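The following exercises are to be worked with the sequence and the coordinates at hand. Each task is followed by a solution in steps.

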Number of protein chains: 2
Amino acid sequence: MADPANAYENSHKSDKRKAIIEAARGRFRHYGIGKTTMQDIADDAGIAVGTLYLYFKNKDDLVLGCAERFAQMHREAANRVLSSDLAADKKLRQYILDRYRAVEETRTGSKHTVEIARRVIKLRPQRFEEDDQWLYENVLSILQEGISQGLFAIREPERDTRIFVQAVLYFLPVAGMEPYRLPTEKSLLEVVEWFTDKWRV
Amino acid sequence: MADPANAYENSHKSDKRKAIIEAARGRFRHYGIGKTTMQDIADDAGIAVGTLYLYFKNKDDLVLGCAERFAQMHREAANRVLSSDLAADKKLRQYILDRYRAVEETRTGSKHTVEIARRVIKLRPQRFEEDDQWLYENVLSILQEGISQGLFAIREPERDTRIFVQAVLYFLPVAGMEPYRLPTEKSLLEVVEWFTDKWRV
């Protein structure tokens, strides 16, 4: 049986965790990771630094918390659009636009984004690959919906999803991460061939 | 009337200029701009440093010379492909592949590419825009050729060229230049709409 007091405590803990991550995010974005101390974050979150250490053992843990928050926002935004009543073409447009705006805001909202992104990639190299993978899965799911709605005629949805994702990745750059997502000759040729196939009489 | 002696001297000058640029390029790529001296470059080019100054007044001038050499190679490679007997689809494939390989080699062949690219953008901000503009013009010219050959059916060649160029720019990243080519929401939506138009039943 669920213990209501325990549930209350868990939700309270989760709220406090969120508040700490928000405080850390604000500090990292305004002053950078290097210049931020655990004390600064505790102060901004309105808790004692000893309490902060109960939740996160160091700044790296907090950087990962911020990265996880960003991933969580991607999942939530995607679920909102995917479960909406929009037709597949509108849904695709909305999903990509949301992604663009989220990436844009993260990338341009602070002069420390390069430092933050590099730290994330060091601590958790797979973080950005996951994002690309979700993008792929969500686009594929929208395309399949469009096909079953009779809105899209797509012979190879996996292939077209791959091409589409490649074509829009240019618009979703991660600050300072250029060497990370290395475009390959093979995928480039796939894009070129996709276009020429569509143009060919 | 052309003076043959003068023509010989000009061609000789042009050869020496090329040899100096090659020497500078080698030094910049192996040691970076900061650690290279005019004396190093003169030594590698097999000339006296006084002679070097007759051609280039400082290292920045040499950096621009290297950038111009890269632009010249783009023009030459483009002309070779565009004037070839290939059908338009094959021509497009070859042109884009050449571009990819040239950018890839420039970007990955040295650990100083970020320093070099940043210096070029500081000295001549329009340099990379020109490259994108040529890419656009060359693709458009290939598409139009494909249309007149009856190979491609394209209603709005300018629009499709714009989309195609956006879709392949991801594959042509310039080291350390991420803030330079800023993708816009408007062009992203144009790409998305282009795809959904092609998929729509």
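**Exercise 1. The contact between the chains**

How many residues of chain B are in contact with how many residues of chain A? Determine also which elements of chain B take part, and what classes of residue they bring.

Solution. The model is a predicted one, and the predictor gives the complex an ipTM of 0.73 and a pTM of 0.80.

Step 1. Counting on both sides gives 34 residues of chain B in contact with 34 residues of chain A.

Step 2. On the side of chain B that touches chain A, at least two residues each are supplied by α5, α8 and α9 of chain B. The most comes from α9(B), with nine residues.

Step 3. Sorted by class, this side of chain B holds 23 nonpolar, five polar and six charged residues.

**Exercise 2. The fold of chain A**

Describe chain A by its elements, its extent and its contacts in sequence.

Solution. 

Step 1. Chain A has nine helices and zero strands; read from the N terminus, the order is α-α-α-α-α-α-α-α-α.

Step 2. Along the principal axes, the C-alpha atoms of chain A fill a box of roughly 70 × 45 × 25 Å.

Step 3. Buried residues make up 28% of the 201 residues of chain A.

Step 4. Take the contacts in chain A between residues at least 6 apart in sequence: 64% of them join residues at least 24 apart.

Step 5. For confidence, the average pLDDT of chain A is 88, and 93% of the residues score at least 70. Where pLDDT is low, the predicted coordinates should not be read in detail.

**Exercise 3. Two domains in chain A**

Locate the domains of chain A and characterise the contact between them.

Solution. 

Step 1. The domain assignment gives domain 1 (1-57) and domain 2 (60-177) in chain A. Their C-alpha centres lie 27 Å apart.

Step 2. To the contact, domain 1 of chain A gives 10 residues and domain 2 of chain A gives 12 residues.

Step 3. On the side of domain 1 that touches domain 2, the largest share is the five residues from helix α1 (residues 4-31) of chain A. By class, this side of domain 1 has six nonpolar, one polar and three charged residues.

Step 4. Gly32(A) is in the loop between α1 and α2 (38-45) of chain A. Leaving out residues up to four places away in sequence, Gly32(A) touches His112(A) and Glu115(A). Gly32(A) and Lys111(A) are 79 residues apart in sequence, yet 8.2 Å apart in space, C-alpha to C-alpha.

**Exercise 4. The largest nonpolar core**

Solution. 

Step 1. This core has 48 residues, and those with the most contacts inside it are Val168(A), Val191(A), Val168(B) and Val191(B).

Step 2. In chain A, α5 (88-108), α7 (127-148), α8 (157-169) and α9 (185-199) each supply at least two residues of the core, as do α5 (88-108), α7 (127-148), α8 (157-169) and α9 (185-199) of chain B. In soluble globular proteins, nonpolar side chains tend to be buried together.

Step 3. Beyond its neighbours within four places in sequence, Val191(A) is in contact with Ile163(A), Gln166(A) and Ala167(A), and also with Ala167(B) and Val168(B).

Step 4. Thr196(A) is also placed in helix α9 of chain A. With residues up to four places away set aside, Thr196(A) touches Asp89(B) and Leu92(B). Thr196(A) is partly exposed, because 19 other C-beta atoms lie within 10 Å, whereas a buried residue needs 20 or more.

How values were computed: Residues are numbered from 1 along each chain as its sequence is written. Chains are lettered from A and ligands numbered from 1 in the order in which they are written. This is a predicted model: local features need pLDDT of at least 70, side-chain atom pairs count only at pLDDT 80 or more; totals for chains, interfaces and linings use all residues. Domain bounds come from an automatic or database domain assignment. Two residues are in contact if their C-beta atoms, placed from the backbone, lie within 7 Å. Helices (H or I, at least four residues) and strands (E, at least two) are DSSP runs, numbered from the N terminus. Ala, Val, Leu, Ile, Met, Phe, Trp, Tyr, Cys and Pro count as nonpolar, Asp, Glu, Lys and Arg as charged, and the others, Gly among them, as polar. pLDDT is the predictor's confidence in each residue, from 0 to 100. A nonpolar core is a set of buried Ala, Val, Leu, Ile, Met, Phe, Trp, Tyr and Cys residues joined through C-beta atoms within 7 Å. A residue is buried if 20 or more other C-beta atoms lie within 10 Å of its own, exposed if 12 or fewer, and partly exposed in between; C-beta atoms are placed from the backbone.
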